[in-house]
Amino acid sequence: MIAELRELYRYRELLWTLVLRELRVRYKNSYLGFFWSLIVPLVTVAVLTIVFKRVMGMVIPNYSAYVLAAYLPWMYFQTALLDSSQSVLAQIQLVKKVYFPREVLPLAAVLANLIHFALALVVFFVYLLGYVRAPLLPSVVLLPVLVLFQTLLIAGISLIISCLNVFYEDTKYIVSIGLQLMFYLVPVIYFSEQVYHAQIASPEWQRWIYLVYHLNPIAMLMTAYRKILLPPITVQQVGAVQKQTFASLPMDWGLLAVACVVSVAIFVLGYAFFNKRKWEFAEQP
Amino acid sequence: MKDAAILLEHISKSYRLSHQPYSSLKGILLSMFRYRRRIEVHQALNDVNLTIWRGETVGLIGVNGSGKSTLLAIIARVIRPTAGTVQVNGRVAPLLQLGVGFHPDLTGLENVYFNGIILGLTRQQIAERLPSIVRFAELEEFIDTPVRAYSSGMVLRLGFAVAVHTDPEIILMDEVLAVGDEAFQHKCLRKIQDFQREGRTILLVSHDMNQVRQVATRVVWLHQGHIMADGATKDVVAQYLEFTAQLERQTL
């Protein structure tokens, strides 16, 4: 794997060119260009905020900031995986003719989305400091660490699905359905505290829900984004029968460490998986 | 002693052919229930030994499916042989087929950078060679236009221009010249003659025997993954034409 990484480093200029090309192509024929990648999450969060405050009875000051803090990393996860699942197959003619490390294709798709995510985070901070007027927590310094591990996780999954999609085009459909379902299994529209509460409310033999939920690295990373970016908050939900209160939980550093280790493991396994099959891409009829 | 540009020893390549039109999950599920999986091994190349010397222009000929393109892909390092060793001394530039590696929404200029980098140039090298590339492609007025507005001839010229400016020591051409018009073909032939004078190595797959006769200094005839003949252009082309004529008589 070291040799493969060294070869990848030799081709870093190609990787960077591919990233720029991806960014340039995406909004080439639209008037608003890059702003589209901001408009989509902002409108989504606006709608989610209205629905969850008015209809579902969430009583949380600055609910939109909490949604955004988790939705932006989720968008990064989702769009990077959707883009990269197609990345090798879209360039198969090139793959059949020219030698280059094949992993530059999915990795470029991931890095292009990383740049979008970084720009979206800038907008998030403008919103946070300018509009919400929330204090900037010292734990914000951990943000690059979370982004790094999330990127490794995404890259690992991308390498696996971009490779599989060359041989079985069903992969991209499975990925897109999987992402749609996953959205409900990560804390975007609700809070990890509510998951914890669901655990307390369940019979004793089911008291593993919170743990299992957060063993999913992307769910844990998104809980972590919220906790390092925004002050702890007590979630209140006004239900039909009674008002429920969910006290804020501290960051579970142990579970975050597990998520980071799992992310690195997925990257290493994904890269090994990709390397094992990458010279068969050109043989596909 | 002469220098070997390409050294192929005991090269074999087999493909696993499944008899399903599409590879899909459905296909896999169905094949699991089938009594016997129908996977056939197709031997595309069988123990090929070939040395190509620096400065040679070698024509690779043979009927469809004889293994020419597989051999070229192995030399270009995009396919790994099942057995045998490959040694390539020098920078290889494959000439890409029409439009491969071009993005229709990007301008000619942006595509030149992408194509050049994928063929192993640095940004700076491309910037230095840009005027010459544009002049060779005869696209001075259109270089800032998106490639989608180009005619196929223009795309072809631009792709060829980038490839010949990568300063390759070994040039691989797989039926790339068959598409252009008369003027373009002349230009390519002149460029090939330049390359020959400069002592570069050229490997050319073609079905156009006139073209092969015109440029090749040596011809290798592949048939069913074996080398049938290897030698002087005139002799091998004659043998091959004799063989195809015979084949035609048999099928009639």
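In this predicted model, the cover over the buried residues of helix 9 of chain A includes strand 1 (58-59), helix 10 (209-215), helix 11 (217-229), strand 2 (235-238) and strand 3 (243-246) of chain A. The residues of helix 9 (residues 192-201) that are buried are Ser192(A), Glu193(A), Gln194(A), Val195(A) and Gln199(A).

**Buried residues in chain A**

- Asn216(A) sits in the loop between helix 10 and helix 11 of chain A, and with a relative accessible area of 19% this loop residue is buried, because the cut-off for that class is under 20%.
- Once neighbours within four places in sequence are set aside, the contacts of Asn216(A) are with Met182(A), Leu185(A) and Val186(A).
- Cys260(A) belongs to helix 12 (residues 253-277) of chain A, where its relative accessible area of 11% places it among buried residues.
- Between Cys260(A) and Gln86(A) there are 174 residues of separation in sequence, and their C-alpha atoms are 26 Å apart in space.

**The second largest cavity**

- The model has 4 cavities of 30 Å³ or more, and the second largest cavity has a volume of about 50 Å³.
- The lining of this second largest cavity consists of Leu38(A), Pro41(A), Leu42(A), Leu68(A), Leu72(A), Ala120(A), Val123(A), Phe124(A) and Tyr127(A), with two or more residues given by each of helix 3 (36-55), helix 4 (63-90) and helix 6 (104-132) of chain A.
- Helix 6 of chain A provides the largest share of that lining, 4 residues, and by class the lining has 9 nonpolar, no polar and no charged residues.

**The second largest pocket**

- The second largest pocket has a volume of about 580 Å³ and is lined by 21 residues, of which Arg10(A), Tyr11(A), Arg91(B), Leu119(B) and Gly120(B) lie nearest its centre.
- At least two lining residues come from each of helix 2 (12-26) of chain A, strand 5 (92-95) of chain B and helix 3 (108-118) of chain B, and helix 2 of chain A gives the most, with 3 residues.
- Sorted by class, the pocket lining has 13 nonpolar, 3 polar and 5 charged residues.

**Helix packing in chain B**

- The axes of helix 5 (residues 152-164) and helix 6 (residues 182-197) of chain B come within 12 Å and cross at roughly 5 degrees, and these two helices of chain B are therefore roughly parallel to each other, since angles under 35 degrees count as such.
- On the side of helix 5 of chain B the contact is made by Leu156(B), Arg157(B), Phe160(B) and Val164(B), which meet Phe184(B), Cys188(B), Lys191(B) and Phe195(B) in helix 6 of chain B.
- By class, this contact between helix 5 and helix 6 of chain B has 6 nonpolar, no polar and 2 charged residues.

**Positive phi values in chain B**

- Arg77(B), which is not a glycine, has a positive phi of about 70 degrees; Arg77(B) is placed in the loop between helix 2 (68-75) and strand 4 (83-88) of chain B, and at 44% relative accessibility it counts as partly exposed.
- Glu138(B), a residue other than glycine, has a positive phi near 55 degrees; Glu138(B) is found in the loop between helix 4 (123-137) and helix 5 of chain B, and it is partly exposed, with a relative accessible area of 44%.

Technical notes: Residues numbered from 1 in each chain as written. Chains lettered and ligands numbered in written order. Predicted model: local features only at pLDDT ≥ 70, side-chain atom pairs only at ≥ 80, totals over all residues. Heavy atoms only, no water. Axes fitted to C-alpha atoms, helices over the stretch in contact; angles between N-to-C directions. Parallel < 35°, antiparallel > 145°, perpendicular 65-115°, else oblique. Contact = heavy atoms within 4.5 Å. Nonpolar A, V, L, I, M, F, W, Y, C, P; charged D, E, K, R; others polar. 1 Å grid on protein atoms, 1.4 Å probe; cavity = no way out; pocket = protein on both sides within 12 Å on 5 of 7 lines; lining within 4 Å. Points joined across faces, edges and corners; volume = space filled by probe spheres on them. Buried < 20%, exposed > 50% of the residue type's maximum accessible area, 1.4 Å probe, protein only.
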